[in-house]
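Subject: Structure for your review

Dear colleague,

Please find below the structure that I am handing over to you. My findings follow directly after it.

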Amino acid sequence: MLFNLANWHAILTNPLTLAITVFQIWMLVHALRNREWIWAVFILIGWIITAVLYFFMVYRMTPSSTRGFELPGAYDRKRIKELQSQIHHLDKAHHYSQLGDIYFQQGKLEEAEKCYRSAMERDPQDIDTRAHLGQCLLRQKRAAEARPLLEGVIAEKPEHEYGYTQMALAETLTALGETDNAMRIWQQVTAHHSYPRAKVQLAELCLAKGQKDLARTELKDVLSDDVHAPAFQRKRDRVWIGRAKSLMGKL
């Protein structure tokens, strides 16, 4: 590694070496920005092998389509076969819904939608399935279809899933251009929760309306909380922390 860093001519003239170097730097910067200190050290001393491991084990843990928009609760990919077997033998709505949640977390949104719709055919009143189908449609950029599902859930249970459904509705309204209504919901969420996802998107709308002081307050809260957050939470919220830092740089 030290030899290659010293021999810039070899790096710049060899396409493979150049590609490896760029990839290595990309992974190193990502690890540093997300406070993955141990990974950063091993990327530095391990050259390409550690960078590849980091890419698959950390960077790609959540697909880009749903990165930062996870459903509440954990998921286990090993559950897929088990749920498919239960669906085959029992054909229960909640098994379809649980399988849809796993596909959602994996970024397989079309498969998730099919599962949610199958669940709703069997139990159209299940509040979690309706909320998750709404979020799934939103991530597929089908905000108009997502809206009635999410609004129906919130009308029935405003704090459904600790504000996650409210956040999805706020994002839906933003996508539909109803920024005033979106801000109102973001403010309701941030009044009860300190989710970076909510505070950063509220700050973005404040900035768009020229309310820089309000935006700065929300972003400062996000960055201040991140310093003291446990590792698992920082990893979960790294998308929003990155956006908060970027926005602060513009203020």
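I begin with a loop residue: E161 is found in the loop between α9 and α10. Although E161 is not a glycine, its phi is positive, at about 50°. Its relative accessible area is 16%, and E161 is therefore buried, the cut-off being under 20%. Please bear in mind throughout that this is a predicted model.

D91, which is not a glycine either, has a positive phi of about 55°. D91 lies in the loop between α5 (79–90) and α6 (93–105). With a relative accessible area of 38%, D91 is partly exposed.

Salt bridges

Side chains of opposite charge can pair when their charged atoms come close. The structure holds 16 salt bridges, and I describe some of them here.

One of them joins R139 and E171, whose closest N and O atoms are 2.4 Å apart. This pair links distant parts of the chain, as R139 sits in helix α8 (residues 127–139) and E171 in helix α10 (residues 164–175), 32 residues apart. Are the two partners buried or exposed? R139 has a relative accessibility of 14% and counts as buried. E171, at 6% relative accessibility, counts as buried too.

Another salt bridge is formed by E178 and R147, with 2.6 Å between the closest N and O atoms. Here again distant parts of the chain are linked: E178 is in the loop between α10 and α11 (179–192), R147 is in helix α9 (residues 143–156), and the two are 31 residues apart. E178 counts as partly exposed, at 25% relative accessibility. R147 counts as partly exposed as well, at 23% relative accessibility.

A further salt bridge connects K209 with D180, and the closest N and O atoms of this pair are 2.9 Å apart. K209 belongs to the loop between α12 and α13 and D180 to helix α11, so that the pair links distant parts of the chain, 29 residues apart. K209 has a relative accessible area of 37% and is partly exposed. D180 has a relative accessibility of 56%; because the cut-off for exposed is over 50%, D180 counts as exposed.

There is also a network: E113, R117, R142 and E145 are joined into one by salt bridges that share partners.

How far apart are R147 and E171 in sequence and in space? They are 24 residues apart in sequence, and their C-alpha atoms are 9.8 Å apart in space.

Helix packing

Two packed helices are described by the angle between their axes and the distance between the axes. I report two such pairs.

For α8 and α9, the axes are 8 Å apart and the packing angle is about 150°. The two helices α8 and α9 are therefore roughly antiparallel to each other, since angles over 145 degrees count as such. Their crossing is left-handed. Helix α8 holds R139 of the pair with E171, while R147 has its place in helix α9.

The other pair consists of helix α12 (residues 196–208) and helix α13 (residues 212–228), whose axes come within 8 Å and cross at roughly 160°. By the cut-off of 145 degrees, α12 and α13 are therefore roughly antiparallel to each other. α12 passes α13 in a left-handed crossing. The loop between α12 and α13 is where K209, the partner of D180, is located.

Surface patch

Finally, which residues form a nonpolar patch on the surface? They are I38, V41, F42, L44 and I45, which together have about 520 Å² of accessible area. Of these, F42 has its place in helix α4 (residues 37–59). F42 has a relative accessible area of 44%. This value lies between the cut-offs of 20% and 50%, so F42 is partly exposed.

Yours sincerely

Terms used
Residues are numbered from 1 along each chain as its sequence is written. This is a predicted model: local features need pLDDT of at least 70, side-chain atom pairs count only at pLDDT 80 or more; totals for chains, interfaces and linings use all residues. Side-chain values use heavy atoms; hydrogens and water are left out. Patches are made of residues with over 30% relative accessible area and no salt bridge: like charges are joined within 9 Å, nonpolar side chains (Val, Leu, Ile, Met, Phe, Trp, Tyr) within 5 Å. Accessible areas come from the Shrake-Rupley method with a 1.4 Å probe; for residues, only the protein chains shown count as cover. A salt bridge is a side-chain nitrogen of Lys or Arg within 4 Å of a carboxyl oxygen of Asp or Glu. Helices (H or I, at least four residues) and strands (E, at least two) are DSSP runs, numbered from the N terminus. Buried means under 20% relative accessible area, exposed over 50%, partly exposed in between (1.4 Å probe, protein chains only). Axes are lines fitted to C-alpha atoms, for helices over the stretch in contact, and angles run from 0 to 180 degrees between N-to-C directions. Angles under 35 degrees count as roughly parallel, over 145 as roughly antiparallel, 65 to 115 as roughly perpendicular and the rest as oblique. A crossing is left-handed if the near helix is turned anticlockwise from the far one by less than a right angle, and right-handed if clockwise.
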